[in-house]
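Open the model in your viewer and keep the selection tool at hand. Each stop below says what to select and what is there.

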Amino acid sequence: MLSKKMEKALNEQLNAEAYSSYLYLSMSASFSARNLKGFAQWMNVQAKEEFAHAMKFYDYLILRGARVTLQGVAQPPADWAGPAAAFKDTVAHEEKVTAMIDKLADLAVAEKDHASREFLDWFVKEQVEEEAQANEIAQRLNLAGSSTGALLFMDHELGKRGKG
Ligand SMILES: [Fe+2]
Ligand SMILES: [Fe+2]
């Protein structure tokens, strides 16, 4: 059985993952408004992945016989100055989420809740991937600088995500 403390913390992470989904969907809409269809597609796929993360917490809570308590999802920003600004925020957001997952894993260890610790391992690994991919794109955007050609090339490349 999950402790009340762990139940509360896992519900909070469910909410944080739902916010991540909302944040990236908002970035997708912001890119769409600029006709950056590839960046929009990439963020659309990312938003779906984050919702799948939220569902992993949902399913785990149910599996452990705990209560799922859905909280309000905070309003994300509506617009970014461009892809470089959005990906800078993405890197910062993923670093924040990594710190949250680490804290959750610390709690699982402190509570000797090995099932939850093992469940969280997947997220520990996933955050390494998420930070790496966000950093790679942010760095390439820095290299692209003010080159429209480079930006449109990246738009084309990122648009392939989720399309086989
Ligand atoms: Fe996530
Ligand atoms: Fe993420």
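Start with phenylalanine 123. It counts as buried because it has 22 C-beta neighbours inside 10 Å. The cut-offs: buried takes 20 or more other C-beta atoms within 10 Å of a residue's own, exposed takes 12 or fewer, and partly exposed lies in between, with C-beta atoms placed from the backbone. Phenylalanine 123 sits in helix 4.

A word on the model before moving on. This is a predicted model: local features need pLDDT of at least 70, side-chain atom pairs count only at pLDDT 80 or more, and totals for chains, interfaces and linings use all residues. Residues are numbered from 1 along each chain as its sequence is written, while chains are lettered from A and ligands numbered from 1 in the order in which they are written.

**Whole protein**

Zoom out. The protein has 5 helices and 0 strands. Helices (H or I, at least four residues) and strands (E, at least two) are DSSP runs, numbered from the N terminus. Along the sequence the pattern reads α-α-α-α-α. The C-alpha trace spans about 55 × 30 × 25 Å along its principal axes. Of the 164 residues, 31% count as buried. Take contacts between residues at least 6 apart in sequence: 76% of them join residues at least 24 apart. Two residues are in contact if their C-beta atoms, placed from the backbone, lie within 7 Å.

**Helix 3 against helix 4**

Select helix 3 (83-110) and helix 4 (114-144). Two packed helices are described by the angle between their axes and the distance between the axes. Here the angle is about 160 degrees, with the axes 9 Å apart. Axes are lines fitted to C-alpha atoms, for helices over the stretch in contact, and angles run from 0 to 180 degrees between N-to-C directions. Helix 3 is therefore roughly antiparallel to helix 4. The classes: under 35 degrees is roughly parallel, over 145 roughly antiparallel, 65 to 115 roughly perpendicular, and the rest oblique. The residues of this contact divide into 17 nonpolar, 6 polar and 6 charged. Ala, Val, Leu, Ile, Met, Phe, Trp, Tyr, Cys and Pro count as nonpolar, Asp, Glu, Lys and Arg as charged, and the others, Gly among them, as polar.

Stay in helix 3 and pick alanine 105. Is alanine 105 buried or partly exposed? It counts as partly exposed, because it has 17 C-beta neighbours inside 10 Å. Leaving aside neighbours within four places in sequence, alanine 105 is in contact with Arg117, Leu120 and Val124. Serine 116 is 11 residues from alanine 105 in sequence and 7.8 Å away in space, C-alpha to C-alpha.

**Helix 5**

Next, residues 148-158. The buried residues of helix 5 are Leu151, Met154, Asp155 and Leu158. Seen down the helix axis, they fall within an arc of 105 degrees, so they line one face. That arc is taken over the directions from the helix axis to the C-beta atoms. On the other side of helix 5, Gly149 and His156 are exposed. The buried residues pack against helix 2, helix 3 and helix 4.

**Last stop: helix 2 and helix 5**

The axes of helix 2 and helix 5 come within 7 Å and cross at roughly 40 degrees. The two helices are therefore oblique to each other. Lys37, Gly38, Phe39, Gln41 and Trp42 in helix 2 meet Asp155, His156, Glu157 and Leu158 in helix 5.
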